[in-house]
Amino acid sequence: MAVGSGYFYVSYRQALAVFDTAFKKQSLLALAIAVALFPLVGSNYQLYLVNLCFIAVLGSLSQNLLIGYAGQVSLGFAGLFAAGGFTAALMVKELGFSAFIPVVAAASAVGALLGALVGLPSLRVKGLYLAISTLALHAVIVYGASEYQQKFGGSAGIVIPKPSFGPIAIDSDREWYYLLAVVAALATLACINLVRSRVGRAWQAIRDRDVVAAACGIPLMRYKLLAFMVSSALAAMAGAIDAYHAGFVSVEKYSFLLTVQYLAMVVVGGLGSILGSLLGAFVITLLPFIIDFTVNIFPTPERLVINVLQLQRIAFGVTIVAMFILEPRGLVALWERVKSFFQLWPFKFMLSGTR
Amino acid sequence: MSTSQPLLRVHNLEVTYHRKLVAIRNVSLVVPAGAVVGVIGINGAGKTTLLRAISGFLPGEDAQITEGDIVYQGRSIKGLQPHETCSLGITLVPERDKVFPTLTVAENLAIARWRGDSNDGKGRRSIIDRVFEWFPVLAERRGQLAGYLSGGERQMLAIAMALLNNPSLLLVDEMSLGLAPSVLASLEERLRAIKEELGLTVLLVDQFASIVIRMSDHCYVMENGGIVFDGPPERLLAHEDVREFYLGMTDSAQGVKSYREVKQYRRRRRWYG
C-alpha cells in the first residue's frame with residue numbers, strides 16, 4: 001500500500017499487483033536495466049562478488065521465510081545448505097548425472113524432505129528449544145557428509161562440472177552473473193507472492209500469536225511443517241547452486257559459522273521483509289570486501305600489517321553494532337524511514353487512518 | 001433448561017495439567033442454543049481451563065481431559081484440535097494476547113476470515129461491512145498496526161475477528177480484563193446487539209461478576225475447579241454469598257465484611273465444597 005500518497009486502487013487487478021504504483025514500476029525497470037548492464041562496466045572480480053550475493057539472496061530468503069515470517073527460529077541452515085551441495089555431489093559422482101536443472105530440483109526435494117524432518121519438533125517446542133533441536137540436524141548432516149567425503153571423495157572435495165544449457169556453457173563470471181540474476185529474481189518474486197498469499201498470512205499469524213491463529217481456524221501443524229519444507233527446499237537449492245558455482249563440494253565450508261552468517265543477513269536486513277533479505281544478503285556478503293577495500297586505501301604502517309585481518313573483523317563487528325544502534329529493526333526499517341521522510345515532506349507525520 | 005438437545009453439554013469434566021495437577025473436576029454445564037451462559041469465579045477457579053478444554057487448546061498446554069466428555073451438537077468434541085473445533089463453529093476470544101500485533105487491523109481481519117466461504121465474494125464483503133458497522137473505530141484504524149491499538153480497541157478487534165469466523169458458539173474469556181467500566185459497558189451493549197442479530201450462543205467467562213449477571217440467561221459459579229452454584233442471574237443476585245464475595249454488596253448492618261472474614265469464608269467453602 002502506498003503510504004499517504006493518495007494512490008487508490010480502482011480495480012482488483014490493481015490491488016493484486018505486486019508492483020502497484022508508478023514509482024515502483026519505474027524503479028523496478030531502472031533496477032532491471034542496471035542489473036542487465038552491470039556486466040558491461042563491472043570487472044570480473046566485481047561480477048564474482050555480485051554472484052556470491054545472488055546466492056546469498058537465495059539463502060537469506062529461505063531463512064527469512066522461516067524465521068521472519070513463520071517465526072520458527074532455526075539454526076539448521078548450514079546443514080540444509082550442505083544437504084543441497086552434497087545431493088549435487090552425489091548425483092554427479094555416483095550417478096554421473098550433472099544436468100543443472102534436474103540436479104537443483106532433486107536437491108530442493110531432498111531439502112524439503114529434511115525440512116519436514118527438522119520441522120517435526122516445532123510442533124512440540126518453541127523458541128530456543130526449537131533452535132537447539134534444529135542444530136542437531138546440522139550436526140547429523142555434516143557428520144554424514146564428512147564421512148562420505150573421507151571414504152569416497154578426494155581430500156579437496158568432490159569436483160562438480162560447470163553446468164551448460166544446450167550449447168551455452170555457464171563458465172565465466174559473466175554467464176554465471178546472468179544465470180544467478182535470473183534465479184535470484186525468480187526466487188524473490190516467488191517469495192513476495194508466497195508471503196502475501198493465504199500461506200504467508202497463516203505464517204505471520206502463527207508467528208505473532210499461535211493461539212489466536214489456531215482460534216481463527218489455521219491448522220498450526222500443517223503450516224509450520226510447510227514453512228520448514230519451503231524454507232529448507234530453498235536453502236538446499238541455494239546449496240546446490242553454490243556447489244555448481246564453486247565447482248566443488250567440500251564439507252569444511254558448511255560450518256556453523258555459515259548459519260550465523262545467514263542469520264545475520266536476515267536480522268541485519270530486517271526480519272519479516274523480503275526487501276530486508278535482499279539488503280541483508282548484499283550487505284553481509286559485501287561488507288568484508290568493502291572494509292578490505294577501505295583499509296587498503298590507507299597505507300598500512302609496516303608493523304601493523306599482521307594485524308590487518310583482525311582489524312577487518314573488528315570493523316565488521318563495529319559496523320553491525322553501529323547499524324543496530326541506528327536502527328534496531330534492520331536495514332529495511334532504515335529504508336522505510338528515508339522513504340516516509342520524502343513522501344511526507346514537508347510534514348513530520350501523517351494523520352492516522354490515512355494509510 | 002429442558003431443551004431436547006443443548007448446543008453444548010459438558011459432562012463431568014476433569015482436566016489434569018502435567019499429569020499431576022487437577023485443574024477442574026466434576027464440571028458439568030449446559031449451554032442451550034441461542035442463550036448467553038455465564039461462568040464466574042476468582043483467579044485460578046478453572047474458568048480458562050474450561051474454555052481451553054472446549055476449544056481444544058489443552059494439548060498445547062501439556063494438559064488433558066482425564067475424565068468426562070464434551071458434547072457439541074450431539075457429537076463428542078473431546079480431543080479435537082483447535083482448528084477443528086473452529087471449523088465446527090466454536091470460536092474462542094482468548095484472554096490476553098488476542099490480536100496479531102505486527103499486522104494491520106485489515107490484515108488481522110483478513111486472517112480471521114480464514115475459514116470464510118471463498119466461493120461467495122458477496123457474502124464475505126457484507127460480513128466485513130457489518131463488522132465495520134458494529135465497530136466503526138476498526139474501519140477508521142484499518143491501516144494501523146494492531147499492536148498500537150488501545151485495550152478496548154483490541155478487544156473490539158478480537159470480537160470482530162471471532163465474528164468473521166462465522167461462529168455458532170462464541171467463547172469469550174475475560175472480556176473485562178483491563179477495560180474501563182464505561183468501555184466495558186459499551187462493549188457489552190454491542191455484544192448483546194450482535195448476539196441478537198446473528199443468533200449467536202455465547203459462553204461468557206469472567207471474574208467481573210456484575211457483567212456476567214447482567215448479560216447471561218444462566219450463570220455458573222466456579223470455585224477451586226468445581227461448579228459450586230448455578231441458576232438464573234436473579235437467583236444469583238439473591239444469593240447472599242454471591243452478593244458478598246463477587247459483587248461486594250452486603251445486606252448486614254455492620255457494612256462491608258473484613259478481609260479476614262472473606263478468608264474464613266473461602267476456607268469454609270474449600271472444606272465443605
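Modeller: In helix α5 of chain A, the buried residues are A:Val103, A:Val104, A:Ala107, A:Ser108, A:Val110, A:Gly111, A:Ala112, A:Leu114, A:Gly115, A:Val118 and A:Gly119. Buried means that 20 or more other C-beta atoms lie within 10 Å of the residue's own; 12 or fewer means exposed, anything in between partly exposed, and C-beta atoms are placed from the backbone. The model is predicted: local features need pLDDT of at least 70, side-chain atom pairs count only at pLDDT 80 or more, and totals for chains, interfaces and linings use all residues. Residues are numbered from 1 along each chain as its sequence is written, while chains are lettered from A and ligands numbered from 1 in the order in which they are written.

α5(A) covers residues 100–119, 20 residues, and reaches 28 Å from its first C-alpha to its last, close to the expected 28 Å. The expected span is 1.5 Å times one less than the number of residues. Helices (H or I, at least four residues) and strands (E, at least two) are DSSP runs, numbered from the N terminus. The buried residues of α5(A) pack against α4 (77–94), α6 (127–152) and α10 (220–246) of chain A; a contact requires C-beta atoms, placed from the backbone, within 7 Å.

Around that helix, chain A has 14 helices and four strands. Of its 355 residues, 40% count as buried. Its C-alpha atoms fill a box of roughly 65 × 60 × 45 Å along the principal axes. Among contacts in chain A between residues at least 6 apart in sequence, 78% join residues at least 24 apart.

An open sheet of six strands runs in the order β6-β7-β8-β3-β9-β10 of chain B, with mixed pairing. Its edge strands, β6 (90–93) and β10 (226–231) of chain B, each pair on one side only; two strands pair if DSSP finds at least two bridges between them. The twist averages 20° from one strand to the next.

Within the sheet, β8(B) has six of its six residues buried. B:Thr201, B:Leu203 and B:Val205 are buried on one side, and B:Val202, B:Leu204 and B:Asp206 on the other. β8(B) (201–206) pairs in the parallel sense with β3(B) (36–40) over five bridges; B:Val37 is bridged to B:Leu203, and B:Ile40 to B:Asp206.

Helix α1(B) (47–55) is mostly covered, with nine of its nine residues buried. α1(B) lies across β3, β6, β7 (169–173), β8 and β9 (218–223) of chain B, at about 150° to β7(B). Axes are lines fitted to C-alpha atoms, for helices over the stretch in contact, and angles run from 0 to 180 degrees between N-to-C directions. After α1(B) comes B:Gly56, with a positive phi near 90°.

Methods:
Contact = placed C-beta atoms within 7 Å.
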